[in-house]
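Welcome, and thanks for opening your viewer. Keep the selection tool ready, and we will walk from stop to stop together.

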Amino acid sequence: MAKTKNSYALPLFLLPLLFLIHVIPSHAGGIAIYWGQNGNEGTLSEACATGKYTHVNIAFLNKFGNGQTPEMNLAGHCNPATNSCTKFSADIKDCQSKGIKVLLSIGGGIGSYSLASPEDARNVSTFLWNTFLGGKSSSRPLGDAVLDGIDFDIELGSTANWEHLARFLKAYSRIEKSVYLSAAPQCPIPDRFLGTALNTGLFDFVWVQFYNNPPCQYNGNITNLVNSWNRWTSTVPARQIFLGLPAAPAAAGSGFIPADVLTSQILPVIKKSPKYGGVMLWSRFFDVQNGYSDSIIGSV
């Protein structure tokens with residue numbers, strides 16, 4: 001039977017669906033990565049050019065609050081004190097042009113930081129806005145690039161006032177430019193440092209560290225990890241929750257998950273949560289060494 005000229009025409013109402021199929025990658029979640037703590041991990045632009053990451057946390061601003069002059073540490077990449085980190089302004093814009101969210105991570109495992117009071121939190125929020133976000137300052141260590149938000153990786157010092165910092169920062173959001181907030185709590189719940197802040201519901205992305213925490217990490221058995229994941233996704237009012245993992249055995253003291261175990265046993269279970277956002281990896285350096293994201297990206 002002869003086919004008419006229009007027999008293969010696609011109904012117009014299906015065109016948007018076809019667009020989505022072509023534009024949106026097959027994996028529903030993203031991969032967030034920490035960059036900045038090893039000079040041998042390559043540049044920020046190189047990380048973003050891989051097409052593997054949806055979020056990049058620049059690590060770390062590791063000295064601030066309590067009257068201290070804030071300091072940034074980007075390991076072997078550059079020295080903020082000599083203004084040599086402004087070269088990454090172009091990299092940040094390059095990443096953002098690819099749709100990647102770039103955040104500044106404050107805190108870390110080594111540093112000197114705390115918030116002495118709500119007023120101190122307000123002062124730190126003003127500093128972060130003017131120095132790294134949409135404000136103005138004569139000193140901008142990363143140049144004129146406007147970062148997408150602030151990541152809270154609070155692991156030492158006082159547990160107080162982080163919720164105030166979150167509120168002050170979120171108040172800078174505008175319709176045309178949101179200030180995204182993310183956090184990297186430890187998997188025992190509630191997190192000692194960030195539990196109160198997370199309960200504000202102001203955090204967009206929460207990458208829970210399911211490593212260096214034996215009670216709630218993978219230990220050859222997925223039960224403890226999955227139970228902890230279910231508590232996080234059912235009780236913490238965040239927009240998206242990510243499974244935070246080391247990208248190589250050497251990246252953490254414990255908690256590394258072989259890629260095949262992650263893709264076959266764990267991701268199929270945790271992806272059922274409507275709050276599932278993807279996987280966070282520590283760090284870009286270890287991911288370069290181990291190729292972990294290459295092994296999992298098809299399943300994330």
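A disulfide here is a pair of cysteine sulfur atoms within 2.5 Å. With bonded cysteines counted along the chain, the disulfides follow the pattern 1-4, 2-3, 5-6. Before you select anything, note that this is a predicted model, in which local features need pLDDT of at least 70 and side-chain atom pairs count only at pLDDT 80 or more, while totals for chains, interfaces and linings use all residues. Residues are numbered from 1 along each chain as its sequence is written, and side-chain values use heavy atoms, with hydrogens and water left out.

**Stop 1: the disulfides**

How many disulfides does a search of the whole structure find? It finds three.

Select Cys48 and Cys95, whose sulfur atoms sit 2.1 Å apart in a disulfide. The torsion about their S-S bond is about 100 degrees, so this disulfide is right-handed. The pair links distant parts of the chain, with Cys48 in helix α2 (residues 44–49) and Cys95 in helix α3, 47 residues apart. Helices are DSSP runs (H or I, at least four residues), as are strands (E, at least two), and both are numbered from the N terminus. Cys48 and Cys95 are buried; that word means under 20% relative accessible area, against over 50% for exposed and partly exposed in between, with a 1.4 Å probe and protein chains only.

Next, pick Cys78 and Cys85, a disulfide with its sulfur atoms 2.0 Å apart. Are these two cysteines buried or exposed? Cys78 counts as buried because its relative accessibility is 11%, and Cys85 counts as buried at 0%.

Now move to Cys187 and Cys216, a disulfide with sulfur atoms 2.1 Å apart. Their link is right-handed, with 80 degrees about the S-S bond. Cys187 lies in the loop between β7 (180–183) and α6 (195–198), and Cys216 in the loop between β8 and α7 (223–235), so the pair ties together parts 29 residues apart in sequence. Both cysteines, Cys187 and Cys216, are buried.

**Stop 2: the aromatic rings**

The structure holds 19 aromatic pairs. Rings of Phe, Tyr and Trp (its six-membered ring) pair if their centres lie within 6.5 Å; planes under 30 degrees apart count as stacked, over 60 as edge-to-face and the rest as tilted.

Select Trp35 and Phe88, an edge-to-face pair at 5.0 Å centre to centre, with 75 degrees between the planes. This pair links distant parts of the chain: Trp35 belongs to strand β1 (residues 30–35), and Phe88 to the loop between β3 (71–72) and α3 (89–97), 53 residues apart. Trp35 counts as buried at 1% relative accessibility, and Phe88 counts as buried at 6%.

Then try Phe205 and Phe242, which are edge-to-face at 6.4 Å centre to centre and 90 degrees between the planes. Phe205 lies in strand β8 (residues 205–209) and Phe242 in strand β9 (residues 240–246), so the pair ties together parts 37 residues apart in sequence. Phe205 and Phe242 are buried.

For a group view, select Phe64, Tyr113, Phe152, Trp162 and Phe203, which form one aromatic cluster.

**Stop 3**

Finish by selecting Phe60, Gly108, Gly109, Glu155 and Trp282, the closest to the centre of the second largest pocket among the 19 residues that line it.

Terms used. 1 Å grid on protein atoms, 1.4 Å probe; cavity = no way out; pocket = protein on both sides within 12 Å on 5 of 7 lines; lining within 4 Å.
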